[in-house]
Amino acid sequence: MTNELRFDDQVAVITGGGGGLGQQYALLLASRGARVVVNDIGGSVTGDGSSTEAAEAAALEIRDEGGEAVADSHSVTSPEGGQAIIDTALDAWGRVDILINNAGIVGDAPFEDMTAERFEPLLDVHLRGAFHVTRPAWKVMREQGYGRILNTTSAAGLLGNVGMSNYGSAKTGLLGFTRVLAAEGADHNIKANAVAPIAFTRMLTHSIDGAAPPADAAAQAVLDELTNQYLKKLDPALVAPVVAFLTHRDCPVTGEVYTTGAGHVSRFFIGRTKGFYSPGLSIEEVRDHLAQIRDEAGYTVPGGPADEMAELFAMLMAEQ
Ligand SMILES: NC(=O)c1ccc[n+]([C@@H]2O[C@H](COP(=O)([O-])OP(=O)(O)OC[C@H]3O[C@@H](n4cnc5c(N)ncnc54)[C@H](O)[C@@H]3O)[C@@H](O)[C@H]2O)c1
């Protein structure tokens, strides 16, 4: 007997699986017995171009190591693309157990330069892309009464990062998407969680390269040292175990967000402070009690809107 977590007889679809983080997810799941659709459009980090090579090479690598994988190069950005990606899994193996929405691009700009042309493509790939692939997968999962969905969010959205209003909006939209899928999937053995990875991939390299260059040689040396010392510890392979666990049959949680990098893993959550109550709340009371409103002592983590409402009503009853 072994307590190794395995994915035998399960089919996983991984979008953006031709490189970076997605490829590590594909490799790990396949090494544990999953049959994997490696989807990837094979474009640049900013979403230009396309090629079948990335997906095909990643699928080939899995097969060379004795695993089962097929390549798919459709874009996640349309309903037809999403359907085609899921059809690739259905045509090959007749089922879909795991969907990892990982495909992503970047396109930073300060907000004053954030035109609709820069904003929309990010929503198309991250948020609408996850929607387009999840819809046909959901249908299959509902029918079979089993599914694991993992969406990819980001600290750049959850916590906010300059120049990333497009990326941050899309990534945080995925938080709501994950929470609602978790709520709707609860009665159907479908679990939906999200990961906020930190990994040294071409995407992180692009962000670092796009930052203002150091003013002098000494500052550049410090940056180089930082890269060697720390960034290289952000091996994307170290994110894969968290993703694999969250998509495993044994995963006990749903609707949650895990942040992970360099082998460290922890959980992000939305907390509600105890707050302040006044039956005739005025602007001045908000000003005068802001510290109490913001005080994190005794916060709660509501599981959904009904929980929050219950907390509010319980407080009102206690005050009567
Ligand atoms: N690297 C990090 O530190 C980090 C941090 C937070 C979130 N993320 C997220 O993790 C995911 C993976 O990013 P990564 O760092 O591995 O970058 P990456 O650029 O190596 O991987 C993204 C992959 O998505 C593919 N892709 C892009 N548009 C696509 C489309 N329309 N259809 C199908 N595939 C498409 C790309 O070809 C690429 O292979 C992304 O969603 C990214 O936003 C990464």
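Welcome! Start by selecting Asn189, which is partly exposed, with a relative accessible area of 36%. Keep in mind along the way that this is a predicted model. Asn189 sits in the loop between H6 and S6. Look at its backbone: phi is near 60°, a positive value in a residue other than glycine. That is worth a stop because most residues other than glycine have a negative phi.

**A second stop of this kind**

Now select Ala262, in the loop between strand S7 (257-261) and strand S8 (264-268). Phi of Ala262 is also positive, near 60°. With 38% relative accessibility, Ala262 counts as partly exposed, because that class runs between 20% and 50%.

**Into the core**

Next, show Val13, Ile86, Val96, Met141 and Ile149. These residues have the most contacts inside the largest nonpolar core, which has 32 residues. Which elements give two or more residues to this core? Colour strand S1 (11-14), helix H3 (79-93), helix H4 (116-144), helix H6 (165-185) and strand S6 (190-197) to see them. H4 provides the largest share, eight residues.

Zoom in on Ile86 and display what surrounds it. Leaving aside residues up to four places away in sequence, Ile86 touches Val13, Val96, Val133, Pro136, Ala137 and Val140. Another core, of 31 residues, lies apart from the largest one; to find it, select Leu29, Val36, Ile62 and Ala240, which are among its members. In soluble globular proteins, nonpolar side chains tend to be buried together.

**A buried aspartate**

Select Asp97 in the loop between H3 and strand S4 (98-101). Is Asp97 buried or exposed? Asp97 is buried, with a relative accessible area of 0%.

**Back out to the surface**

Finish with a surface view and select Leu223, Leu226 and Tyr230. Together they form a nonpolar patch on the surface, with about 280 Å² of accessible area. Leu226 belongs to helix H8 (residues 217-229), and its 43% relative accessibility makes it partly exposed.

How values were computed:
Residues numbered from 1 in each chain as written. Predicted model: local features only at pLDDT ≥ 70, side-chain atom pairs only at ≥ 80, totals over all residues. Heavy atoms only, no water. Core = buried A, V, L, I, M, F, W, Y, C linked by side-chain atoms within 4.5 Å. Buried < 20%, exposed > 50% of the residue type's maximum accessible area, 1.4 Å probe, protein only. Helix = DSSP H or I, 4+ residues; strand = E, 2+ residues; numbered from the N terminus. Contact = heavy atoms within 4.5 Å. Patch = residues over 30% accessible without salt bridge, like charges linked within 9 Å, V, L, I, M, F, W, Y side chains within 5 Å. Areas by Shrake-Rupley, 256 points an atom, 1.4 Å probe, with all protein chains shown as cover. Salt bridge = Lys/Arg side-chain N within 4 Å of Asp/Glu carboxyl O.
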